[in-house]
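Subject: Handing over the structure

Hi,

Here is the structure I said I'd pass on to you. Open it alongside this email and follow the notes below.

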Amino acid sequence: MNKTAIFYGSTGGNTKEAATLIHRELGGEAVADIFDVSKLKDASVFAPYENLVLGTSTWGDGDLQDDWYDFLKEFEKADLGSKKVALFGLGDQEGFGHAYLNGMKTLHDSAKKLGATIVGAWEDEGYSYDSSEAVVNGKFVGLALDADNQDELTPERVKNWCAELKKALSI
């Protein structure tokens, strides 16, 4: 089994809740460690893991969540060349539908630039947004969640995504 860790940044608590659901669905502490990026000091924390699951919310007009924004320079020092990275993002597709999940795309681009293999793309069906940088080739670059407008869909989306993720990450 590959060593896996979930890293999230959360301002209002919704991304932390999603990370906790994902952690539980992947198998809990027996399978994955979980970290709040606001408590991280440097990029060495990524080294022991083969698989990284990165979660963020999007704020304002497409901005990365503050804790990730503050940690991004440190994150970009990591060597992700041998790692698989999956992403999940939260956003408000009705209030900020013009920049839905752009923060997730920021993490995606950084991880890809660092050599990571990106897994866990998610269909964009069932969403109502105007524009998203996080859609590449007709799919979100990771799991798309909206705690403001579709919170009732979150548990099922997490369950289905994690079932696929377990295969992609060999866990």
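Let's start with helix α3, residues 102-113 of this predicted model. At 1.5 Å a residue, its 12 residues should span 16 Å, and the end C-alpha atoms sit 17 Å apart, which agrees. Which of its residues are buried? They are Asn 102, Gly 103, Met 104, Lys 105, Leu 107, His 108, Ser 110 and Ala 111. After α3 comes Gly 115, which has a positive phi, near 95°.

The buried residues in α4 are Thr 154, Arg 157, Val 158, Trp 161, Cys 162, Leu 165 and Leu 169. What do the buried residues of α4 pack against? Their partners are α1 (14-26), β3 (51-59), β5 (84-90), β6 (117-119), β7 (122-123) and β10 (143-145). Just past the end of α4, Ser 170 has a positive phi of about 55°.

β1 pairs with strand β2 (residues 32-36) in the parallel sense, over five bridges. Within that pairing, Ala 5 has Asp 33 of β2 as its bridge partner. Together with α1, these two strands, β1 and β2, form a right-handed β-α-β unit. β1 also pairs with β3, again in the parallel sense and over five bridges. There, Phe 7 stands opposite Leu 54 of β3.

While you're at β3, have a look at Asn 51, which sits in that strand. Is Asn 51 buried or exposed? Its relative accessibility is 1%, so Asn 51 counts as buried. Leaving out residues up to four places away in sequence, Asn 51 touches Asn 2, Lys 3, Thr 4, Ala 5, Lys 84, Leu 169 and Ile 171.

There is also an open sheet of three strands, in the order β7-β9-β8, with antiparallel pairing. β7 and β8 (135-136) are at its edges with a single partner strand each, so one side of each has no neighbour in the sheet. β7 pairs with strand β9 (residues 139-140) over two bridges, in the antiparallel sense. In this pair, Trp 122 is opposite Phe 140 of β9.

Another residue to look up is Asp 146, in the loop between β10 and α4. Asp 146 has a relative accessible area of 0%, so this residue is buried. Apart from neighbours within four places in sequence, Asp 146 is in contact with Gly 91, Asp 92, Gln 93, Glu 94, Tyr 100 and Asp 151. How far is Asp 146 from Ser 170? The two are 24 residues apart along the chain, and their C-alpha atoms are separated by 27 Å.

Last, the empty space. Rolling a probe the size of a water molecule over the atoms shows where empty space is left. The largest pocket holds about 250 Å³. Its lining is made up of 17 residues, and those nearest the centre are Asn 14, Ser 57, Thr 58, Trp 59 and Asp 148. α1 and β3 are the elements that give two or more residues to this lining, and β3 gives the most, with three.

How many cavities of 30 Å³ or more does the structure hold? It holds one. The largest cavity has about 40 Å³ of space, and the residues lining this cavity are Thr 58, Trp 59, Gly 60, Gly 91, Asp 92, Phe 96, Ala 99, Tyr 100 and Leu 101.

Cheers

Definitions and conventions. Residues are numbered from 1 along each chain as its sequence is written. This is a predicted model: local features need pLDDT of at least 70, side-chain atom pairs count only at pLDDT 80 or more; totals for chains, interfaces and linings use all residues. Side-chain values use heavy atoms; hydrogens and water are left out. Buried means under 20% relative accessible area, exposed over 50%, partly exposed in between (1.4 Å probe, protein chains only). Helices (H or I, at least four residues) and strands (E, at least two) are DSSP runs, numbered from the N terminus. Contact means heavy atoms within 4.5 Å. Two strands pair if DSSP finds at least two bridges between them. A crossover is right-handed if, with the strands pointing away from the viewer, the path from the first strand over the helix to the second runs clockwise. On a 1 Å grid over the protein atoms alone, a cavity is a set of points where a 1.4 Å probe fits but cannot get out, and a pocket is an open set with protein on both sides within 12 Å along at least five of seven lines; lining residues have an atom within 4 Å of a point. Grid points are joined across faces, edges and corners, and a volume is the space filled by probe spheres set on the points. The expected span of a helix is 1.5 Å times one less than its number of residues.
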